[in-house]
Amino acid sequence: MPLFHNPRSVDPNSKYPLLVTHFSIIILIITSAFWLLNIIYLAQVPYAIFLGFMSIGVITFTLNKTGYKRIAKLFGLMAINLAVYSVASSESSETGMHLFLGAAAFAALVIYGYNEWYFGVAFMIFSLTLYFGCFFSDYSPLPERTFNQDEINVFFIVNSTCYAAISCYLFYLVLFTNHRNEQVLRENEMRINLQNEQLKKTNTELDRFVYSASHDLRAPLSSMSGLIAISEASQDLREVKDYLGMMKGRIKVLDKFITDIIHYSRNTRLELVHEKMELWKIINEISDGLQFAEGAEHISIINSVDQKMQISTDPTRIRMVLNNLISNAIRYYDKNKSNCMVRVESKLKEGNLLITIEDNGIGIPNEHQKKIFEMFYKATENSSGSGLGLYIANEAITKLGGTLEVISEVGKGSTFSIMLPNCVS
Ligand code: ADP
């Protein structure tokens with residue numbers, strides 16, 4: 001799995017095929033307009049010329065769309081230059097047809113862009129050579145056509161207007177692609193900044209992880225080897241049994257620590273999956289699994305979740321989080337109370353699912369409440385845990401797009417609230 005999710009990868013070269021599409025559509029539009037004009041004014045321009053231009057537009061468009069992008073560029077520019085030259089050289093230069101060669105030169109620069117500027121310049125020189133050829137050469141591949149002055153005037157107005165419109169449009173395309181590139185740059189910058197922040201966080205966490213993990217893994221082991229040493233020296237069976245009990249406690253701590261590390265690793269590595277499930281059943285399964293946990297015999301787990309409620313979310317993560325919060329409520333129960341309980345409720349709030357885990361345990365002092373979601377943070381000296389549980393729970397809920405909050409009062413109890421968006425159908 002990649003370390004970071006890539007929100008949007010934009011290929012800056014994708015603009016060039018788009019420009020070729022625009023280019024071929026412009027050819028089709030202008031040719032259609034001219035054809036229409038030809039019909040209205042009954043000018044004697046042969047249909048073959050319009051069909052020729054239309055074919056250039058269609059072939060360029062098709063080549064480009066079917067993936068032959070380089071050939072589309074080459075063919076489109078070459079064909080349009082030759083076609084415009086053929087028509088322009090066969091009629092009076094007063095019609096202004098040659099102006100389209102100027103537009104073709106500009107189009108070549110825009111289409112090839114900075115990366116392939118040499119192609120753009122080569123086509124520009126080619127277009128300009130043909131442009132001057134219209135004035136200084138008598139060669140024309142098509143038979144000469146003559147128009148009366150009125151027709152020449154109309155053609156000149158139409159040709160120069162089209163030329164101006166195409167130039168403006170090409171200019172707009174350049175501005176538009178620049179603007180798009182700037183946007184892509186800004187997005188990439190934001191993405192890199194975000195990844196940087198995530199990297200810094202991961203690095204700090206890794207440092208703390210290595211330090212705390214090595215310390216917290218070694219602590220129970222060294223206390224166990226101490227307990228083994230004194231039980232070896234002892235002749236009293238009762239004393240040895242006591243030491244064994246203590247060792248069992250240390251093993252439990254070690255086991256909880258390793259389980260937390262596995263949960264941590266699962267949360268960071270596993271892809272998100274969505275599955276439909278009944279929240280009520282999950283809570284029941286978790287409380288069944290915790291019935292033999294230390295202190296569970298003093299606490300009643302009340303499952304007040306709506307039995308019909310179906311949720312759609314990541315099963316591994318939601319189970320991990322709920323298991324953690326309920327087992328915390330059990331571990332931090334108030335020994336001075338006789339009616340110890342933990343109640344799990346759920347309701348819909350503005351389309352989001354709100355799950356609350358409320359207990360009447362020892363509570364968390366105000367100054368610790370914000371920090372308990374940090375890695376390895378323990379709010380009490382007496383915690384036999386790793387200080388990882390709430391950190392992992394918070395990370396998992398964040399991955400699900402939700403939030404995890406706590407309200408707590410020392411001596412009264414704590415309420416953890418999970419808010420999950422779009423998970424109830
Ligand atoms: P730990 O493994 O120490 O329990 P957690 O991350 O699960 O680590 O919890 C962090 C700290 O928050 C705990 O050390 C404990 O002091 C406090 N805490 C968590 N849940 C509760 C609760 N339900 N009631 C009282 N204190 C709690």
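View 1. Ala72 is buried, with a relative accessible area of 0%, where buried stands for under 20% relative accessible area, exposed for over 50% and partly exposed for what lies in between, using a 1.4 Å probe and protein chains only. Ala72 belongs to helix α3, which spans residues 69-89; helices (H or I, at least four residues) and strands (E, at least two) are DSSP runs, numbered from the N terminus. Not counting residues up to four places away in sequence, Ala72 touches Val20, Thr60, Leu63 and Asn64, a contact being heavy atoms within 4.5 Å. The C-alpha atoms of Ala72 and Met375 are separated by 57 Å, and these two residues are 303 residues apart along the chain. The model is a predicted one, in which local features need pLDDT of at least 70 and side-chain atom pairs count only at pLDDT 80 or more, while totals for chains, interfaces and linings use all residues. Residues are numbered from 1 along each chain as its sequence is written, and side-chain values use heavy atoms, with hydrogens and water left out.

View 2. Arg331 places a polar side-chain atom 2.7 Å from an oxygen atom of the ligand, whereas Asp359 has a polar side-chain atom 3.0 Å from a nitrogen atom of the ligand. From Gly387, a backbone N or O atom lies 3.0 Å from an oxygen atom of the ligand. The ligand taken alone exposes 530 Å², and the protein buries 99% of that, with accessible areas from the Shrake-Rupley method and a 1.4 Å probe, only the protein chains shown counting as cover for residues.

**View 3. Ser386 in the loop between α10 and α11.** Ser386 has its place in the loop between α10 and α11 and is buried, with a relative accessible area of 1%. Its side chain makes a polar contact with the side chain of Asp260 at 2.5 Å; such a contact is a pair of N or O atoms within 3.5 Å, and within protein one must be able to donate a hydrogen and the other to accept it, residues adjacent in sequence counting only if both atoms are side-chain atoms. The side chain of Ser386 also reaches the backbone nitrogen of Leu388 at 3.1 Å. Leaving aside neighbours within four places in sequence, Ser386 is in contact with Asp216, Phe257, Asp260, Phe376 and Lys378.

View 4. Most residues other than glycine have a negative phi. Phe376, however, has a phi near 65°; Phe376 is found in the loop between α10 (366-369) and α11 and counts as buried, at 10% relative accessibility. Asn422 has a phi near 45°, also a positive value in a residue other than glycine, but Asn422 lies in the segment after β7 and counts as exposed, at 70% relative accessibility.

**View 5. The nonpolar cores.** The largest nonpolar core has 49 residues, and those with the most contacts inside it are Leu322, Ile355, Ile357, Phe416 and Ile418; a nonpolar core is a set of buried Ala, Val, Leu, Ile, Met, Phe, Trp, Tyr and Cys residues joined through side-chain atoms within 4.5 Å. To this core α9 gives the most, with eight residues. Leu322 touches Leu279, Ile282, Ile283, Ile286, Ile355, Ile357 and Ile418, residues up to four places away in sequence not being counted. A second, separate core has 44 residues, including Ala79, Ala83, Ala103 and Ala104.
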